[in-house]
Amino acid sequence: MKKWWWMALALLGTPAMATDVVTSKTIGLGLANDLAEASVEACRQDGYQVSAVVVDRHGILRTAMRDDLAAKYTLQIAQEKANMTIMSGLKSGQFRQMREDIRQELNHIDGLIVMVGALPIVAGGTTIGAIGVSGAPGGEKDERCAQAALDQFQDRLDFAM
């Protein structure tokens, strides 16, 4: 009888200790494309040729756009900025300001760069991705272009969940 009681307890406790299926929300390709295009267009209106990259909540590339005259490496830098935002959960510039003490070390990690110009993409209180922009003369200008895109599509983010 004792064996039966312990076995039943073990079986009842199993689901609470492990999760077989995890559901998560992430950015769809349509919104990712629209945000990247809007970022490039916002910078273009200010006279800057940039690249914009959107990654999902895991840092996986969803879309990348390079304006006609943007430098080749702006794509890589934009993605690395976005990855930093995913890693930290903060605007890339905010993280840079807060953690100047480890900036140099983090810049040596493949796929990350601690520079201003990336923002989290939040829908219904959940971070679903990040957008990084590179190519304007200064990360603050890159960030403004990303913010303009987020502002343009805020209604879709507000009602996405």
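This is a predicted model: local features need pLDDT of at least 70, side-chain atom pairs count only at pLDDT 80 or more; totals for chains, interfaces and linings use all residues.
Residues are numbered from 1 along each chain as its sequence is written, and side-chain values use heavy atoms, without hydrogens and water.

Trace the chain from its start. The order reads α-α-β-β-α-α-α-β-β-α-α. Of the 161 residues, 38% are buried (under 20% relative accessible area, 1.4 Å probe, protein chains only).

Next, select Ile27, Leu35, Val54, Ile121 and Ile131. These have the most contacts inside the largest nonpolar core, a set of 26 residues (buried Ala, Val, Leu, Ile, Met, Phe, Trp, Tyr and Cys joined through side-chain atoms within 4.5 Å). Colour H2 (29-45), E1 (51-56), E3 (118-123), E4 (126-134) and H6 (139-152): each supplies at least two core residues. H2 gives the largest share, eight residues.

Zoom in on Val54. Leaving aside neighbours within four places in sequence, its contacts (heavy atoms within 4.5 Å) include Ile27, Leu35, Ile60, Arg62, Ile121 and Ile131.

Move to H3, residues 74-88. Its 15 residues reach 21 Å from first C-alpha to last, close to the 21 Å expected at 1.5 Å a residue (1.5 Å times one less than the number of residues). Select its buried residues, among them Thr74, Ala78, Lys81 and Met84. Finish just after H3: glycine 89 takes a positive phi of about 80°.

Note on methods: Helices (H or I, at least four residues) and strands (E, at least two) are DSSP runs, numbered from the N terminus. Buried means under 20% relative accessible area, exposed over 50%, partly exposed in between (1.4 Å probe, protein chains only).
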